[in-house]
Amino acid sequence: MTRWGILATGNIAARFAEDLRLVPGAELVAVGSRTRESAELFARRHDVPRAYASWAELAADPDLDAIYVATPHAAHHEAALACLAGGKAVLVEKPCTLDLPTTTELVETARDRGLFLMEAMWMRTNPLILRVLELIRDGAIGEVTHVRADFGVAGPFPPEHRMRARTLGGGALLDLGVYPLSLAHLVLGVPQHVQAWAKLTPEAVDENTGMALGWDSGAVATLSCGMVGATAITASITGTTGRIDLPELFFRPAHVVLHRAGAEPETIPADLTGGGYQYEAIEVQRCLAAGLTESPLVPHAATLEVMGLIDDIKARIGVSYA
């Protein structure tokens with residue numbers, strides 16, 4: 001049995017708590033927040049036995065094996081460090097932190113302490129996404145030449161909302177753009193060429209961002225994210241002999257469509273239950289049972305490489321959280 005704690009009590013914490021019920025061998029035993037009222041309300045709603053009024057109290061609970069950090073982006077670094085200081089395995093919501101140096105600090109801290117750390121990029125643990133990667137490796141679409149992906153939401157959001165508030169790590173890139181970027185990285189690795197443009201809000205965070213990536217192989221990626229209009233939230237991966245289309249929502253699709261040259265399109269359905277968050281919890285538990293300190297599906301190197309790419313794009317579009 002893996003005994004879980006959840007740090008934070010917002011919407012994504014609630015979704016994770018519900019999906020954790022679907023995970024064999026998982027038990028949600030504690031929740032921590034900065035206020036007792038918030039922790040106790042969450043505990044009542046999700047049948048959690050213990051509620052703590054501070055992150056440190058949660059991290060110090062001797063009965064916990066793993067903690068899921070579900071705070072806004074700007075608090076990921078501090079919260080995850082607190083959990084590691086408490087000797088806990090940590091699943092930290094994406095993006096891991098606001099920048100590469102603080103993400104690197106988390107990785108190095110976990111390695112120094114011999115503790116498990118994984119970014120909660122749930123797309124990388126989704127069974128159908130893993131099937132897509134398998135098809136690409138098997139040559140189903142030939143050599144990949146193009147990745148296209150978008151993630152835009154309509155808004156509008158008030159200035160104090162986490163999507164716009166600079167102090168909370170607001171902006172489309174960190175919250176939404178991490179998905180298209182992670183898909184391109186998952187398929188093609190680190191690009192050698194990066195271009196980006198964005199319109200910024202009065203708070204100096206990005207509200208509509210376009211990104212063009214290039215690889216020395218000749219492959220390209222055209223990606224976008226924004227909070228000024230609801231896009232299709234789809235993706236496609238094109239190769240020399242075919243294409244794979246990922247419909248809305250591309251990071252947890254209900255199906256994908258494989259187009260092979262000279263053949264009828266093939267629809268491959270997903271056999272999904274719940275919201276999809278359970279697969280990252282399953283991966284954490286699998287790794288802990290195997291004595292691993294990082295996941296082969298969401299390795300530290302991938303987290304660091306994508307965070308470095310985000311830092312590059314932030315610099316190009318003029319966004320800083322310093």
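Modeller: Start with Asp245: at 21% relative accessibility, Asp245 counts as partly exposed. One caution on sources: this is a predicted model, where local features need pLDDT of at least 70, side-chain atom pairs count only at pLDDT 80 or more, and totals for chains, interfaces and linings use all residues. Residues are numbered from 1 along each chain as its sequence is written, and side-chain values use heavy atoms, with hydrogens and water left out.

Biologist: Why is Asp245 called partly exposed?

Modeller: Buried means under 20% relative accessible area and exposed means over 50%, with partly exposed in between (1.4 Å probe, protein chains only). Asp245 has 21%, so the label is partly exposed.

Biologist: What makes Asp245 and Arg243 a salt bridge?

Modeller: The term needs a side-chain nitrogen of Lys or Arg within 4 Å of a carboxyl oxygen of Asp or Glu. The closest N and O atoms of Asp245 and Arg243 are 2.8 Å apart, so the pair qualifies. Arg243 is partly exposed at 30%.

Biologist: How do you know that Arg21 and Asp47 form a salt bridge?

Modeller: Their N to O distance is 3.9 Å, and the limit is 4 Å, so the pair counts. Arg21 lies in the loop between helix H1 (11-20) and strand E2 (26-32), and Asp47 in the loop between helix H2 (36-46) and strand E3 (50-52), so the pair ties together parts that are 26 residues apart in sequence. Helices (H or I, at least four residues) and strands (E, at least two) are DSSP runs, numbered from the N terminus.

Biologist: Why is Asp47 called exposed, but Arg21 partly exposed?

Modeller: Asp47 has 58%, which is over 50%, so Asp47 is exposed. Arg21 has 48%, which falls in between, so Arg21 is partly exposed.

Biologist: What makes Asp312 and Arg316 a salt bridge?

Modeller: The N to O distance is 2.6 Å, within 4 Å, so they qualify. Both lie in helix H9 (residues 300-317), four residues apart, about one turn of the helix. The whole structure holds 18 salt bridges.

Biologist: How do you know that strands E7 and E11 pair?

Modeller: Two strands pair if DSSP finds at least two bridges between them. Strand E7 (residues 144-152) and strand E11 (residues 235-239) share five bridges, so they pair, in the antiparallel sense. Ala149 stands opposite Ala235 in E11.

Biologist: What makes E8 and E14 edge strands?

Modeller: Eight strands form an open sheet, in the order E8-E9-E10-E7-E11-E12-E13-E14. Strand E8 (193-200) and strand E14 (266-269) each pair on one side only.
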